[in-house]
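Look at the sequence and the model first.

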Amino acid sequence: MAAVERPFPPGDYDVVVVGSGPGGLQTSYCLRALGVSHAVLSRDDCPGGMFRHFPIYQRLITWTKPDAPVERTSREYEWYDHNSLLADEPELRAVVPALMDRAFDLPSRAEMEAGLVTFAERAGLEVRYGCTWESTRHEDGRLVLETSDGEYRARAVVFALGITEPWRADVPGLEHAAHYVETRDPARYENRDVFVVGKRNSGFEVSQGILPWARSIVLGSPRPVQMEALALSALRVRYLHPYDEYSRGGPGTYVIDVTIERVEPVGERFRVVTHGTTWDGTLEFEVDDVIAATGFRTPLRDLRKLGLVTVADDRIPALTPWWESVSLPGAFFAGNASQGARGVEKRGAGANSGSVNGFRYNARVLAQQLAERLTGYEPPREPIPDIVSFLLHELTSAPDLWVQKGYLTRVVSETAEGWHDGGVMPLAHYLDVVEEDGAAASVEVDERGTTLPTLYLRRRGEIREHQLDPHPLHRYDGDHYRREVEALVG
Amino acid sequence: MSIAETLGQLALFADLTPSQLEAIAHSHDEDVFAVGERVLRRGISGGNFYVILEGEAAVEVEGEERHRLGRGEFFGEISALTGDPPTADVVARTVLRCLVIPAVQLERLLLDRPQFMLRLLRMEARRLQGTVEWRQ
């Protein structure tokens, strides 16, 4: 076999990106656009990351609407297409809708995977495939990654590893259960009684998948299904069928709030002992199968030994608003694990960093931050002649602000020469660190899910927060809004 | 140690059963902040209620530390209950791990778990007592 030249040989780089899923590809694309020298390593042999295998039941929960009120190549279209990666070139934008068969406005797993492969090919993104990160150490203020191909040294490492390692909750006996990842063949649940541990994405997904096969299904976990929140989340689109059966009273499908004391084998079957969390009492179930749908964790290898701190039952790295480990400087995260950064979290609202539509923006903002820190890159601070129109347009139609609500903000600065664009950054950074006079626009939500366009005005070190009125069509560019914003920034 | 087990060791949650603690631990997220990161911001709306699981935080007014909070203590309850923005900043002094309870859910929890409400009121009363004595 002829030797093929592989990119990114072991050595020193400004940045090393680990992973070739959507987070890794988006980060690499954005770093390259800013001229940051970097290597991309992946243990896989082609792009796509978790979408090469998941979701098992083949349908995503994030929408892409092939036709929309705006052009596919426009920035505004990103709002209608939650699955394509971001790019400046028209031929690299909105890749996923062009590949959809339109059976549904949610792409299939295969369409999503094809979208990522197409993006990587068209963009000419280079990845050193078949290169496995094995261990990590600190040396002279740099992270050193030992891989199957040799050592990589970097000033910053962006781990884009996904949240992909099957994880089982700490319940005695749960080791007897099949994990969600092992449930690919629904036919094996034909005419069987099944207990599913977990009521989040994978719990509902697998339950819906086996609904046509199983005799009875019980979904159990301590946390109540929060219907108000769920009604506004992507999860409702696909996976609420079992809940529907339960709430209509169909015997044989139950969704219950319980702690699971233990799972114990009884002959060929299992006994599941549970205690109510939102009700008092104990329930025992005898079932044929138990499925652990308790989720996944980030494959962090030895990073905890270097001091990396985690959240969510040790499943996800704890991150600063710039997606850097709170305890291991130089270790950044892109992709799904970027949800380890909670941001300002007003009214408890987190970012949408657990899906491509949110973390693609995180990756772009992170790439710019790395360029500024490592290469002295200075972003263009374009003058803004009409500040009122600019702010109202951002609030009405900026896809990054609308997807990363309350997390990312569009910043403008004010000098004697006028207003200038300060780009997009985490709102926490704007509130806590930025000192120059100016303003920031952020799209936020209240407890009832009402969208609140919000401006922060910074003058002489003092910040004032202004919520503009909601609008039924989310259009904040009418005269009423113009007058209000004029009074603020004038 | 799981979040539920940690909560079980804190005075605020001392009267709740293991199942009730599990429900609280699974219904709310934990947040971890880097040294120097701000958790609550003076004048900014929408602040949550935080219970410190690990680490220390400082209550700051105009950059000056007024009070130090540690494991088992809480903050953000006043603005969560009144709806007014906080009048001080709270800043992580160490790597700080907190349970986060948004205002709406705090109200629900107080009504659902009167034992928790009583504990919180007692701790709040002691703080008030401390403040009154300090003023005298």
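## Terms and model

A residue counts as buried if 20 or more other C-beta atoms lie within 10 Å of its own, as exposed if 12 or fewer do, and as partly exposed in between, with C-beta atoms placed from the backbone. By that count A:Arg52 is partly exposed, because 18 other C-beta atoms lie within 10 Å. A:Arg52 sits in the loop between strand 2 (38-41) and helix 2 (95-99) of chain A. Its C-alpha atom is 9.7 Å from that of A:Leu116, 64 residues apart along the chain.

The model is predicted: local features need pLDDT of at least 70, side-chain atom pairs count only at pLDDT 80 or more, and totals for chains, interfaces and linings use all residues. Residues are numbered from 1 along each chain as its sequence is written, while chains are lettered from A and ligands numbered from 1 in the order in which they are written.

## Chain A overall

Chain A has twelve helices and 23 strands. Both are DSSP runs numbered from the N terminus: helices are H or I with at least four residues, strands are E with at least two. The radius of gyration of chain A, taken over C-alpha atoms, is 24 Å, close to the 23 Å that the globule rule gives for 490 residues, so chain A is as compact as a globular protein of that length. The rule is 2.2 Å times the number of residues to the power 0.38.

Along the principal axes, the C-alpha atoms of chain A fill a box of roughly 80 × 65 × 45 Å. Buried residues make up 48% of the 490 residues. Two residues are in contact if their C-beta atoms, placed from the backbone, lie within 7 Å. Among contacts in chain A between residues at least 6 apart in sequence, 62% join residues at least 24 apart.

## Two helix pairs in chain A

Helix 1 (residues 22-33) and helix 8 (residues 356-375) of chain A pack at about 35°, with axes 8 Å apart. Axes are lines fitted to C-alpha atoms, for helices over the stretch in contact, and angles run from 0 to 180 degrees between N-to-C directions. The residues that meet include A:Gln26 and A:Cys30 in helix 1, and A:Phe359 and A:Ala363 in helix 8. This contact divides into nine nonpolar, three polar and two charged residues. Ala, Val, Leu, Ile, Met, Phe, Trp, Tyr, Cys and Pro count as nonpolar, Asp, Glu, Lys and Arg as charged, and the others, Gly among them, as polar.

Helix 9 (residues 387-397) and helix 12 (residues 479-489) of chain A pack at about 120°, with axes 9 Å apart. That makes helix 9 of chain A oblique to helix 12 of chain A; angles under 35 degrees count as roughly parallel, over 145 as roughly antiparallel, 65 to 115 as roughly perpendicular and the rest as oblique. Among the residues that meet are A:Leu391 in helix 9 and A:Val485 in helix 12. By class, this contact has seven nonpolar, no polar and two charged residues.

## Where the chains meet

The contact takes 26 residues from chain B and 27 residues from chain A. On chain B, helix 2 (18-27), strand 1 (30-33) and helix 4 (103-112) each supply at least two residues. Helix 2 of chain B gives the largest share, six residues. The chain B side has ten nonpolar, ten polar and six charged residues.

Eight of the ten residues of helix 2 of chain B are buried, so this helix is largely enclosed by the rest of the structure. Those buried include B:Leu21, B:Ile24 and B:His26. Their cover includes strand 9 (216-221), strand 10 (253-266) and strand 11 (269-276) of chain A, together with helix 1 (3-8) of chain B.
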